[in-house]
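Visitor: Could you take me through a close look at one part of this model, and then show me how some of its helices sit?

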Amino acid sequence: MNIVILTNEYPPNVYGGAGVHVEYLTREMAAADDGDHHVQVLSFGEQDVSKGNLEVQGVTAPDIPNQDPRHAKFLDAMARNVIMAGSVQEADIVHGHTWYSHLAGCLAKQLTGAKLVLSTHSLEPHRPWKIEQLGTAYHGSSWVERTAYENADGVVAVSSSMQDDVHDLYDVPRSRIRTIYNGIDIDQYQPRYNDEVLRKHDVDPEQPFVLFVGRITRQKGILHLVRAIHDMDDDVQVVLCAGAPDTDEIAAEMTALVEEAQAESGNRVVWIDEMLPKDEVITLYSHATLFVCPSVYEPFGIINLEAMACHTPVVASAVGGIPEVVVDGETGLLVSFDAHEGDDFDPKDPGAFATDLAQSVNTLLADPERRASMAEKARERVVQQFSWTAIAEQTLDFYRDLLDGTVS
């Protein structure tokens, strides 16, 4: 097959789960079936990679005038999409990842006759806070996303929860949707210990710590975790590996809340305000007593897999695809929001969630035997269920079914 992957993110420009997904999926697809498939990746950036049958080409765009500075990112993406579509010479499958590349997929389908596949890493209707970042361009991204799903030949849902969302929001027939989980490189993500990495980032190797890794965005719920610090038992460090704020507003909120927690709680709060190299993040995962994922919206939650693979139990919110990854009571604890997700759900004020989050953290901090058991089961679950090799093969099988008419 000639496979074209369209994506915003690809190394070295990776800031979220979609970029991780694309990196490993394309590597495994290129290696599958004795390298019979040609895999072309078109991404935002200046990448230029050729490794056998895997080719990666970055796409840049000229400056686009805009009425509102918040529109710049959307308009830049649309310009890159047109260039991407024109760069697809021949394809059996065009596979788009996130709304950033979906217009290119729609155009390439019409221009080449390829089957259009979309992966659901997130869905715009469930991220209304993005209007803070995009302004009215949020309506543009929502339109692009809806149009793409209405034109897709097949959809990969990264969790069963997301399969339901795609069907309910965009009326995509279930026969066209296949649930294929995200995966992880189990050889790369495994326990790795180095006290010097901790000291480099001002983390005390002698003191237990709770870890967060992710972007500063409403979706990841980091502000709720910072609020929860006040209710955590004393004498545990809280390490926030958090950068790339969505807006100046949320950056200011984060700064104020961290300073308040540092001044008023009995816990040491370490804020690493940058995106660290992968090997250092793996070391942080490995040393952490607990990993905390307080997301208010999470289609899958690949960061939980990363922590679990490094032998670390997880405390996470019970939203989206997370309950399909973290087994409550076995590999970690799940925490529910007071309010149900929906029209009345406010990501800025989820009720007693911060308090409940702290209580779950305290429960596991006080029970080292239970943590040890969870750590063993966490690693075991990842190895058995979430290898990239198996996920790439499932994706290729879906492509084959689309091409031979099995999916309709």
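Guide: Asp68 lies in the loop that links strand 4 (54–59) to helix 2 (72–87); helices (H or I, at least four residues) and strands (E, at least two) are DSSP runs numbered from the N terminus. The model is predicted, so to speak of local features pLDDT must be at least 70, side-chain atom pairs count only at pLDDT 80 or more, and totals for chains, interfaces and linings use all residues. Residues are numbered from 1 along each chain as its sequence is written, and side-chain values use heavy atoms, leaving out hydrogens and water.

Asp68 is buried, at a relative accessible area of 18%; buried means under 20%, exposed over 50% and partly exposed in between, with a 1.4 Å probe and protein chains only. Its side chain reaches the backbone nitrogen of Arg70 at 2.8 Å. Gly135 is 67 residues away from Asp68 along the chain, yet their C-alpha atoms are separated by 7.9 Å.

Now to the helices. Eight of the eight residues of helix 11 (residues 302–309) are buried, so this helix is largely enclosed by the rest of the structure. Among them are Ile302, Asn304, Glu306 and Met308. After helix 11 comes His311, with a positive phi near 75 degrees.

Elsewhere, Glu145, Arg146 and Tyr149 of helix 5 meet Val166, Leu169 and Tyr170 of helix 6, where contact means heavy atoms within 4.5 Å. By class, this contact of helix 5 with helix 6 has four nonpolar, no polar and two charged residues; Ala, Val, Leu, Ile, Met, Phe, Trp, Tyr, Cys and Pro count as nonpolar, Asp, Glu, Lys and Arg as charged, and the others, Gly among them, as polar.

Methods: Polar contact = N/O pair within 3.5 Å; in protein donor to acceptor, adjacent residues only side chain to side chain.
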